[in-house]
Amino acid sequence: MDRIIIRGGASLNGAIPISGAKNAALPLMTASLLTAETLELANVPRLADVQLLLRILGNHGVDHTIVGRRPGESAEAGQTLRLQASTIIDTTAPYELVSRMRASFWVIAPLLARFGEARVSLPGGCAIGTRPVDLLIDALQALGAEIEIDAGYVVARAKDGLRGARITFPKVTVSGTHVAMMAAALARGETVIENAAREPEIVDVADCLNAMGAKITGAGTPRIAISGVTSLHGARHAVLPDRIETGTYAMAVAMAGGDVTLENTRADLLQSALDVVARAGVEISETPSGIRVRRNGGKLAPVDVTTAPFPGFATDLQAQFMALMTRADGISHIRETIFENRFMHVQELARLGARIRLDGDLAIVEGVSELRGAPVMATDLRASVSLVIAALAAEGETTINRVYHLDRGFEALESKLTRCGAQVERVRA
């Protein structure tokens, strides 16, 4: 497995281009199964999870091409994919593929909606809690699907097609909202999703589905209404900027110090997180090209945060912010309310000298005057990048092992940091 070596102490200065959002690209790619025509997606990040989903879609019979760069496009502008699901040869998503990434389970919705059947393995992915798929199954059953579990597979059938219904989620679920929207787009009649997720990625997927001919209103609010249509057509859509990558690099600059412009992104996608970073003593301002982050001297102030669904502080930024608070001048409290097992990075941060105490869903972080480099191991996608942030400010050399987690969610991380002055090196296995 590859390793990343970081020599800490260098400030970050320059510009970092923000990639397309992984959490939007994956459901958008899945939506290609809803039509026989071509769906063209621009600004798709080059990530391991994207490649894995292409394999899963290809297993169903989806053809894909990667469009070459156009005049004026930079190498970091994201790739353009053309996906065509005109001939689906298999409605089974096998264990050996789905077990590697939870988002691949979402193919159940478009397969069921368009073909009346799907057989999809129960999912795998990051070990950050059980994250059951019961809410997704409940939504499909509300739309008229017959569901059974057979040898580790969810088998869904709707011989006469899906029908519109009222779906009320008992708790906010991004994956459930994605699945319900895709399935309801081709269901007969009206569907209303109550307590829907409000994340920007939900809005992005709804915008794309509407461009394909769906009739969806209310995305970005707790109530989404969908008028089912008989078929969808092709479309072209650009993936929105990655707010988690934006927040991650903002915290990296806050940790290392310096002055960096995060390009091709928007503050409204993560205002809650930016406000928290600003309270820590970091200067954040919007620019014509993105967001400027500055910290030149001065100590970091401790800040208490609680993760919450959008527009609250994202759970996907919790580990990164904890790394930042290890150098704060005082004690901060970080409460994780979304996933029950998302503090596995704590023991690895402790190897760098962090002082963190856990009390249930609460992490109590006592800032230290310095961190020191050490070998550490990534445990999941976001935890791995928290170790990168800590290593940027640590004395000496930090080796991060199992960086395939990083490759799942962060495009060209080493080059983006290196171009701003960080000393980061990948060692190939």
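This is a predicted model: local features need pLDDT of at least 70, side-chain atom pairs count only at pLDDT 80 or more; totals for chains, interfaces and linings use all residues.
1. On aromatic pairs, the structure holds 1. Its members are Phe313 and Phe321, whose ring centres are 5.7 Å apart; the planes meet at 65°, over the 60 degrees that the label requires, so the pair is edge-to-face. Both Phe313 and Phe321 are buried.

2. Setting aside neighbours within four places in sequence, Phe321 is in contact with Met251, Val276, Val303, Val305, Phe313 and Ile334. Phe313 thus turns up again here, as a contact of Phe321 as well as its ring partner.

3. Now for the wider setting. The largest nonpolar core has 153 residues, and Phe321 is among those with the most contacts inside it, together with Leu12, Met181 and Leu209. In soluble globular proteins, nonpolar side chains tend to be buried together.

4. Helix 10 spans residues 318-325 and is mostly covered, with 8 of its 8 residues buried.

5. Finally, have a look at the hairpin. Strand 20 (residues 355-359) pairs with strand 21 (residues 362-366) in the antiparallel sense, over 5 bridges. Within this pairing, Ile356 stands opposite Val365 of strand 21. The hairpin has 2 residues between the strands, and Gly360 takes a positive phi near 65°.

How values were computed
Residues are numbered from 1 along each chain as its sequence is written. Side-chain values use heavy atoms; hydrogens and water are left out. Rings of Phe, Tyr and Trp (its six-membered ring) pair if their centres lie within 6.5 Å; planes under 30 degrees apart count as stacked, over 60 as edge-to-face and the rest as tilted. Buried means under 20% relative accessible area, exposed over 50%, partly exposed in between (1.4 Å probe, protein chains only). A nonpolar core is a set of buried Ala, Val, Leu, Ile, Met, Phe, Trp, Tyr and Cys residues joined through side-chain atoms within 4.5 Å. Contact means heavy atoms within 4.5 Å. Two strands pair if DSSP finds at least two bridges between them. Helices (H or I, at least four residues) and strands (E, at least two) are DSSP runs, numbered from the N terminus.
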